[in-house]
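Hello,

Here is the structure for your files. My notes on the sheet, the helices and the metal site follow below.

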Amino acid sequence: MRENDFLQERLDVLLKNNFADVERPNEIKIAFGRRAKRRFGSIKMDRPTLLKKNPASIITINGLFRDEKIPAQIIEATIAHELCHYAHGFSSPLPKKYEKPHQGGVIKREMKKRDLVFLYDYEQLWTKQNWVKILGESFPQTRRVRRRKQPKTLSQLLAQLLKP
Ligand SMILES: [Zn+2]
């Protein structure tokens, strides 16, 4: 199982190789979060306190990605996606470049600009081919016990009691 230091290392590599030009007025932290069905990752600003005048941006990665059966590229694609939000001024102190974080394909364009579109495409294809199965394995359905209908009449009650 992967630990948070794996995420830190992937984040450092992406920042160094693909996002080196992006100003970083605050710290970017990263950690695994809870296991999620629909969200691969998210980025949020930490709450400012008296001691933390310059709150960090915190990237949270789907807890399911601790499992090595999830390819490393999926985690890299997710981190890169969140760094695009950071560069666009969402959950970061940088000026906002767009009105909405996913406006008109801005993530794909940013990934392309940063030579990361291969990760973007990989994520799309892999998700299409594997995610439903992974979810089935990760969140097994417990079979619901069907309640017996309450009998309304004596004959219905007898019929139910006498059922084999
Ligand atoms: Zn996003």
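Three strands make up an open sheet with mixed pairing, in the order E1-E3-E2 (strands are DSSP runs of E of at least two residues and helices runs of H or I of at least four, numbered from the N terminus; two strands pair if DSSP finds at least two bridges between them). Strand E1 (28-32) and strand E2 (41-45) are the edges, each pairing on one side only. From one strand to the next the twist averages 20 degrees (axes are lines fitted to C-alpha atoms, for helices over the stretch in contact, and angles run from 0 to 180 degrees between N-to-C directions). E2 is antiparallel to strand E3 (residues 57-61), over five bridges.

This is a predicted model: local features need pLDDT of at least 70 and side-chain atom pairs pLDDT 80 or more, while totals for chains, interfaces and linings use all residues. Residues are numbered from 1 along each chain as its sequence is written, and side-chain values use heavy atoms, with hydrogens and water left out.

H1 lies across E1 and E3, at about 140 degrees to E1 (contact means heavy atoms within 4.5 Å). H2 packs on the sheet, touching E1, E2 and E3, and its direction makes about 35 degrees with that of E2.

The zinc ion is coordinated at 2.0 Å by NE2 of His81, His85 and His102 (donors are N, O and S atoms within 2.8 Å of the metal, or 3.2 Å for Na, K and Ca; water is not among the atoms, so sites may look incomplete). The donor spacing in sequence is H-x3-H-x16-H. Histidine 81 in helix H2 and histidine 102 in the loop between H2 and helix H3 (106-113) are 21 residues apart.

Regards
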